[in-house]
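Please look over the sequence and structure below. A short report on selected features follows.

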Amino acid sequence: MLDLNFILKNINLIKEKTEKRHYSYDFDKLLQLAENRKNIIKEVEELKWKRNKGSKEISQLIKTGKDASFLNKEMRELSDSVKSLDITLKNLNDEINKLLLNIPNIIDDTVPIGVNETDNIVVRSYGEKPVFNFQPKPHWEIAENLGIVDFNRASKLSKSRFSIYFGNGAKLERALINFMLELHTAKGYVEIIPPLLVNETTMTGTGQLPKFEEELFKCERDNLYLIPTAEVPLTNIHSGEILSIEKLPIYYVAYTPCFRREAGSYGKDVRGLIRQHQFNKVELVKIVSDESSSAELEALLLNAEEILKLLNIHYRVVTLCSGDLGFSSSKTYDIEVWLPGLNCYKEISSCSNFKDFQARRASIKYRDKKGKIHFAHTLNGSGLAVGRTFLAILENYQTKEGYIRIPDVLQGYFKDLQLIK
RNA sequence: GGAGAGGUGUCCGAGUUGGUUGAAGGAGCACGAUUGGAAAUCGUGUGUACCCUUUACGGGGUACCGAGGGUUCGAAUCCCUCCCUCUCCGCCA
């Protein structure tokens with residue numbers, strides 16, 4: 001959410017930045033409502049001032065034993081108009097708030113301008129595409145042949161886009177989770193196990209609601225939502241708080257399952273593990289001071305990249321262009337991993353700087369050394385999507401025989417096993 | 001799920017027969033005095049959001065005592081709903 005007064009003062013900047021996202025928005029309506037709001041506030045506050053003054057008068061009269069009933073009629077009328085204006089104001093505020101919640105974040109000046117993902121810019125890459133002396137298979141073939149992932153039985157238990165991991169498949173997934181958590185906690189991230197079900201306020205704080213309700217699994221009966229990413233609970237840990245500057249920067253890491261309805265993506269990535277309703281992810285979240293977030297984003301990105309470097313898998317980093325940027329983000333880098341079986345790059349991590357956009361929604365503030373209060377800046381990134389890392393290993397570490405070599409850095413989790421057969 | 005107690009400022013803690021209470025008192029913190037320095041002591045200050053006003057410093061106003069409604073000229077104080085915490089019971093991993 002952007003600040004209303006900031007929007008009013010910088011309306012041209014906001015319009016320009018929003019257009020660059022190719023996001024259409026009716027700012028005139030907002031401006032009109034904001035104007036009404038100010039007028040009504042002025043009016044109602046003046047009436048309240050009169051009412052308060054009158055009440056004190058009555059109080060004084062009663063205390064000195066005098067009759068105050070001659071004021072009753074006037075005061076009642078005053079009070080009635082305050083009440084009706086208060087209702088008008090509340091409705092107006094609600095309406096403005098709804099509009100504000102649907103304005104996307106301001107894109108960072110360093111974000112390339114473009115229309116869609118084809119305009120994203122590759123900033124760097126690591127390693128090279130591996131060369132195979134056979135035709136590499138897609139991960140689902142390898143996995144099903146080895147019996148380490150079962151899609152059909154999973155859809156029997158739930159529905160399509162779910163999976164069951166078996167034996168060394170389950171073990172590989174767990175090894176990856178541990179490997180990632182150990183690396184990040186060693187870098188100073190505090191490990192968190194958050195709730196997986198959260199309420200509407202929490203979902204609104206990070207921007208999943210109200211715009212993306214369709215994407216969420218909801219427990220109607222209890223009015224709770226399954227988290228689509230650990231970003232939601234982690235970022236909201238300090239919602240409604242004013243942190244002291246000494247507490248910053250805050251670094252959190254959490255492994256959680258993530259749940260997404262994937263509405264509107266029918267027919268996309270239907271096979272295999274790429275797009276599931278439930279998947280595992282290790283998520284990094286930072287809460288930092290407002291002048292440090294740009295540098296923190298670069299550091300966060302490197303932390304995520306390191307996992308793939310250690311696994312020795314080829315990837316590239318792209319900067320999302322203005323048209324491809326997420327609603328809440330000011331700047332985003334995607335890490336795209338190379339998948340030889342599918343012969344393409346696939347997003348495996350998304351690292352974003354939200355600046356004060358989420359902090360304003362969730363009211364996460366900090367007090368600087370002079371005692372002045374600022375909104376914090378929040379960032380997050382996958383470190384990494386575990387399911388996609390799993391399938392990247394399958395495709396990059398497959399052998400001619402259809403086996404999977406276990407990466408060196410994961411060897412410790414498998415004792416003497418070098419190959420999953 | 002049943003019975004009871006409670007939710008007040010950075011913290012502790014008054015205030016529930018409604019009336020200058022943004023809110024006593026204490027602690028903490030900041031600044032100043034005292035000191036060679038420190039402790040102790042004394043003095044002053046110490047919330048947030050929004051509106052109006054001012055070039056600025058500042059000044060004025062409104063709201064906020066878990067959240068949302070209601071009663072009233074007026075509510076931290078009375079009534080209703082919800083949320084949360086604690087104790088006991090039941091159930092259960």
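## Surface near the RNA

In this predicted model, α3 gives the largest share of the surface near RNA strand B, with 12 residues. Two helices, α3 (27-63) and α4 (72-101), each supply at least two residues of that surface. In total, 19 residues surround RNA strand B. The closest are Glu45, Trp49, Ser59, Met75 and Ser79.

Ser79 is among the closest residues to RNA strand B. An N or O atom of the Ser79 side chain sits 2.6 Å from a phosphate oxygen of RNA strand B. Asn52 also reaches a phosphate oxygen of RNA strand B, with a side-chain N or O atom at 3.2 Å.

A polar atom of the Ser55 side chain is 3.1 Å from a sugar or linking oxygen of RNA strand B.

## Two domains

Chain A divides into domain 1 (4-101) and domain 2 (117-420). Their C-alpha centres are 43 Å apart. Across the boundary, five residues of domain 1 contact 10 residues of domain 2.

How much area is buried between domain 1 and domain 2? The value is about 620 Å², and carbon and sulfur atoms contribute 49% of that area. Within domain 1, the residues that lose the most area to domain 2 are Arg21, Tyr23 and Leu101. Together they account for 85% of what the domain 1 side buries.

## A three-stranded open sheet

Three strands form an open sheet in the order β5-β7-β6. The pairing is antiparallel.

β6 pairs with β7 (residues 224-226) over two bridges, in the antiparallel sense. One residue pair can be named here: Cys219 has Leu224 of β7 as its bridge partner. In general, the strands of a sheet pair through backbone hydrogen bonds, either parallel or antiparallel.

## Backbone geometry

Two cis peptide bonds deserve a look. One runs from Leu209 to Pro210, with omega near 0 degrees. Pro210 is in the loop between α8 (200-206) and β6. Another cis bond joins Gly383 and Leu384, with omega about 5 degrees. Leu384 belongs to strand β16 (residues 377-385).

His22 has a positive phi, near 60 degrees, in a residue other than glycine. Where is His22 placed? His22 is in the loop between α2 (11-20) and α3.

## Asp368 and its surroundings

Asp368 lies in the loop between β14 (364-367) and β15 (373-375). Which residues does Asp368 contact, leaving aside neighbours within four places in sequence? The partners are Ile245 and His374. With His374 the contact is polar, side chain to side chain, at 2.7 Å.

Asp368 can also be set against Ser24. The two are 344 residues apart in sequence. In space, their C-alpha atoms are 37 Å apart.

Technical notes: Residues numbered from 1 in each chain as written. Chains lettered and ligands numbered in written order. Predicted model: local features only at pLDDT ≥ 70, side-chain atom pairs only at ≥ 80, totals over all residues. Heavy atoms only, no water. Near = heavy atom within 4 Å. Polar contact = N/O pair within 3.5 Å; in protein donor to acceptor, adjacent residues only side chain to side chain. Helix = DSSP H or I, 4+ residues; strand = E, 2+ residues; numbered from the N terminus. Pairing = 2+ DSSP bridges. Domains from an automatic or database assignment. Contact = heavy atoms within 4.5 Å. Buried area = accessible area lost by both parts, 1.4 Å probe.
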